[in-house]
Amino acid sequence: MEKPLNKQELIAAVADAADLPKAKASEVVDAVFSTIEATLAKKQEVRLVGFGSFVTATRKAAKGRNPRTGEEIDIPASTSVRFKPGKGLKDAVSE
């Protein structure tokens, strides 16, 4: 498996694909990430047709057990982000 694509490599790829200077591509990538983050913070879904959807999911508070001591512990409610790939992305990856 190859090494993962980091943010700087993503910016360089966007700059090459869109024929932009790296500084401008960096602003664009940061703006996209910030917009997705702000939208999810408002509990709204981000749906990118053909690519996928980002949604927030809320987990209820629950009781759990410490596996080491067996002591019962409270697990607080939490919110997480989920990504569901779209058909276009699934098809591109499965080729």
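Asp 19 is exposed, with a relative accessible area of 70% (exposed means over 50%, buried under 20% and partly exposed in between, using a 1.4 Å probe and protein chains only). This is a predicted model, where local features need pLDDT of at least 70, side-chain atom pairs count only at pLDDT 80 or more, and totals for chains, interfaces and linings use all residues. Residues are numbered from 1 along each chain as its sequence is written, and side-chain values use heavy atoms, with hydrogens and water left out.

Back to Asp 19: it sits in the loop between α1 (7–18) and α2 (22–41) (helices are DSSP runs of H or I with at least four residues, strands are E runs of at least two, numbered from the N terminus). Its phi is near 55°, a positive value in a residue other than glycine. Lys 43, in the loop between α2 and β1, also isn't a glycine and has a positive phi of about 65°. Lys 43 is exposed too, at 53% relative accessible area. Most residues other than glycine have a negative phi.

Now the rings. Phe, Tyr and Trp rings (the six-membered one for Trp) pair if their centres lie within 6.5 Å; planes under 30 degrees apart are stacked, over 60 edge-to-face, and the rest tilted. That gives two aromatic pairs:

| Pair | Centre to centre | Plane angle | Type |
|---|---|---|---|
| Phe 51 and Phe 83 | 5.6 Å | 55° | tilted |
| Phe 54 and Phe 83 | 4.8 Å | 50° | tilted |

Phe 54 lies in strand β2 and Phe 83 in strand β5, so their pair ties together parts 29 residues apart in sequence. Phe 51, Phe 54 and Phe 83 form one aromatic cluster. Phe 51 is partly exposed at 40% relative accessible area, and Phe 83 is partly exposed at 35%.
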